[in-house]
Amino acid sequence: MRTRLRTAACLLVAFLLTACGGGSPYTASIHESCKISLLYANGFATGTGTPIRTTLTESAPRHFNPCPLQNITSASVALCLDHPQISDLTAQLRLPDNSTLSLTLPTTVSGPACLTGGTLFNVPLPANRLPLPHSGSGNWTVGVTETDETYESNPRGFLVGWSMQVEGLK
C-alpha cells in the first residue's frame with residue numbers, strides 16, 4: 001500500500017511539473033534602453049536648426065539602431081527648441097506607420113541648453129502607443145508648428161534638434 005501511495009505521489013508531482021513547464025530553463029527579462037541620439041533637425045551632428053513656420057516643420061527622418069526590446073515600459077522625446085514663446089508651439093512625433101502622437105510642451109521655459117542653441121525639453125510618451133523600435137522598422141520624425149500667424153513670413157524660432165529614448169524588457 002505504501003509503495004502505491006509513493007508511486008501515485010511521484011506520478012502526481014511529475015504530472016504537475018510537466019503541466020506547468022517544470023524543467024524548462026527560467027529566462028529572466030533583461031532591462032534594455034534604446035535611443036535615437038540627439039542630433040540637429042537635419043539629422044547631422046552639425047547645423048543650426050530648421051526655422052519653425054505656421055505649417056508643420058518636420059525634422060529629417062531617423063531610425064533606431066538594432067534594438068532587441070520585446071516590451072516597452074517607458075519612452076520619451078527630447079526636443080531642442082530655440083523659440084521665445086514655447087506656448088505658441090505645437091509638436092508631434094510621427095511614427096513609422098505615419099500615425100502621429102501629440103507632444104505636450106511645457107508652459108514655462110526651463111531646462112538645459114542643447115547643441116548650439118535653444119533649450120532641451122524632455123517629453124514623456126505613452127509607451128503603450130508605440131511600436132517596438134526594431135532595426136529597419138521605419139522612420140521617426142518630430143514636427144513643430146508655430147501657432148501665431150503673424151510670424152509666417154518671418155520665423156522667430158528654430159527646431160534645433162531632437163532625440164528619443166525607449167526603455168523596456170528584452
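A search of the whole structure, which is a predicted model, finds 2 disulfides. When the bonded cysteines are counted along the protein chain, these links follow the pattern 1-2, 3-4.

Because Cys34 belongs to strand β1 (residues 31–40) while Cys67 sits in the loop between β3 (57–58) and β4 (71–82), the pair ties together parts that lie 33 residues apart in sequence. Cys34 and Cys67 are each buried.

A disulfide also joins Cys80 to Cys114, where the S to S distance is 1.7 Å, and this link is right-handed, with 90° about the S-S bond. Distant parts of the chain are linked by this pair, since Cys80 is found in strand β4 and Cys114 in the loop between β6 and β7 (119–125), 34 residues apart. Both Cys80 and Cys114 are buried.

Strand pairing was examined around β5. Strand β5 (residues 89–94) runs antiparallel to strand β8 (residues 141–146), to which it is joined by 6 bridges, and within this pairing Gln92 has Gly143 of β8 as its bridge partner. Strand β5 also pairs in the antiparallel sense with strand β6 (residues 100–103), over 4 bridges, and here Leu93 stands opposite Leu101 of β6. Together β5 and β6 form a hairpin in which 5 residues lie between the two strands, and in the turn Asn98 has a positive phi of about 75°.

Note on methods: Residues are numbered from 1 along each chain as its sequence is written. This is a predicted model: local features need pLDDT of at least 70, side-chain atom pairs count only at pLDDT 80 or more; totals for chains, interfaces and linings use all residues. Side-chain values use heavy atoms; hydrogens and water are left out. Two strands pair if DSSP finds at least two bridges between them. A disulfide is a pair of cysteine sulfur atoms within 2.5 Å. Buried means under 20% relative accessible area, exposed over 50%, partly exposed in between (1.4 Å probe, protein chains only).
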